[in-house]
Amino acid sequence: MNIPFLDLKAQYLTIKDEIHAALTAVMESTAFAGGPFVAQFEQEFAKFCNCKHAIGVGNGTDALWLSLIALGVGPGDEVITVPNTFIATAEAITYCGAKPVFVDVDEKTYTMNPSLIEAAITPSTKAIIPVHLFGQTADMDPILAIAKEHNLYVIEDACQAHGAEYKGRKAGSMGNTGCFSFYPGKNLGAYGEAGAVVTNNATLAETMRVFRDHGQAKKYYHGMIGWNARMDGIQGAVLSVKLKYISAWNEARRNHAQEYNELLSPLSDIIKPHAAVYAKHVYHIYAIRAQERDRLMAHLSEQGISSGIHYPGPIHLQKAYSFLGLNKGRFPVAERCALEFLSLPMFPELTSEQIAYIVDAIKQFPLRT
Ligand SMILES: *Cc1c(COP(=O)(O)O)cnc(C)c1O
């Protein structure tokens, strides 16, 4: 059996007619850049996140960068985040002129370890960016308390956590801003590149709206130096269709995770994902940890199963960030996870047969004693 890591085609086929109607509407109205389809999606997405405002942007990296710019973070400032994230989190910090400062993650949830934050705070610290990795929110209450005490902003990197919850609160709604990516493979994926920032702060929302459109509140009158970070009309229309299904798709992911957990439970050498009591996990990624990860991955591949590694190298050990001078051994949990993580196929349309086949293949892994 061949099982892909992700099956975007299977999902497209379930909503094909609605998608084609939405695309036709955009083309008939020629509302290609920004415009009414983006504005409508923004309203719907703000509501979905329990936030007052959503600003559609070009991608998730834009969402993080615009948040930092709008909060006034810049040269000389430090921003605390985690080393086991997609590089975009750090890039956004670097591209607003600030310096990323990493803290290690919790051994069980793989999200920011709140007990390590205070030691990383300096007089230059301006903001904290917790990453809701794999579809599970970071432990936000202690993070928000520390931020309040030290007068720091909190930007949630919710790019992997559409619809995830923390003690009943929606991912993205707890910090000063919440950042989302609609890259095609995310839980809510566009048909191209897109992203959004959500916030309850009207001033921040307005700043980001103007910034993403070349700093113009009125056409060709530029009150600030901005950028082109607009969302496409086509993406807004596709996302409005898909937003109707996101809760059902997330439930399907949660059920698949449950099935994986049960079938994998006899294997004591495999560490399964841990859903914290505070979390509603939406399993953007279902990552197990295995000692002989690379050989297990090759074994699965021989059985026709595609798997992934998120991520093979933590950011402080990437060449691009070698200038920070952070050596191996500095963030032991993140570094160990990078060697052991293996992401199994996870998408709403995955079937029970496919899950059983994948777990059987893991059980047959020749190294198992
Ligand atoms: C996908 C992702 C991003 C960046 O989103 P893009 O839309 O690809 O720019 C940022 N942070 C995390 C954690 C992500 O998974």
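A: A pocket is an open set of grid points where a 1.4 Å probe fits, with protein on both sides within 12 Å along at least five of seven lines. Its volume is the space filled by probe spheres set on the points. Rolling a probe the size of a water molecule over the atoms shows where empty space is left. The model examined here is a predicted one.

The largest pocket has a volume of about 450 Å³. Its lining consists of 24 residues, and those nearest the centre are Phe86, Ser181, Tyr183, Lys186 and Tyr311. By type, the lining divides into eleven nonpolar, ten polar and three charged residues. Domain 1 (8-103 + 111-243) and domain 2 (246-363) each contribute at least three residues to this lining. Helix H4 (60-70) and helix H5 (88-95) each supply at least two residues. The largest share, three residues, comes from H4.

Tyr311 sits in the loop between helix H11 (293-302) and helix H12 (332-340). The peptide bond joining His310 to Tyr311 is cis, with omega about 5°. Most residues other than glycine have a negative phi, and most peptide bonds are trans.

Helix H4, which gives the largest share of the lining, also packs against another helix. Two packed helices are described by the angle between their axes and the distance between the axes. For H4 and helix H8 (residues 202-211), the angle is about 120° and the axes are 9 Å apart. That makes H4 oblique to H8, because an angle from 65 to 115 degrees would count as roughly perpendicular and one over 145 as roughly antiparallel. The crossing of H4 and H8 is right-handed.

The second largest pocket can be set beside this one. Its volume is about 210 Å³. Among the residues that line the second largest pocket are Lys99, Phe102, Leu116, Leu324 and Arg330. Strand E3 (99-102) and helix H6 (117-120) are the elements that give two or more residues to this lining, and the largest share, four residues, comes from E3. The lining of the second largest pocket has ten nonpolar residues, no polar ones and two charged ones. Both domain 1 and domain 2 give residues to this lining, so the second largest pocket lies between them.

Notes: Residues numbered from 1 in each chain as written. Predicted model: local features only at pLDDT ≥ 70, side-chain atom pairs only at ≥ 80, totals over all residues. Heavy atoms only, no water. 1 Å grid on protein atoms, 1.4 Å probe; cavity = no way out; pocket = protein on both sides within 12 Å on 5 of 7 lines; lining within 4 Å. Nonpolar A, V, L, I, M, F, W, Y, C, P; charged D, E, K, R; others polar. Domains from an automatic or database assignment. Axes fitted to C-alpha atoms, helices over the stretch in contact; angles between N-to-C directions. Parallel < 35°, antiparallel > 145°, perpendicular 65-115°, else oblique. Left-handed = near helix turned anticlockwise from the far one by under 90°.
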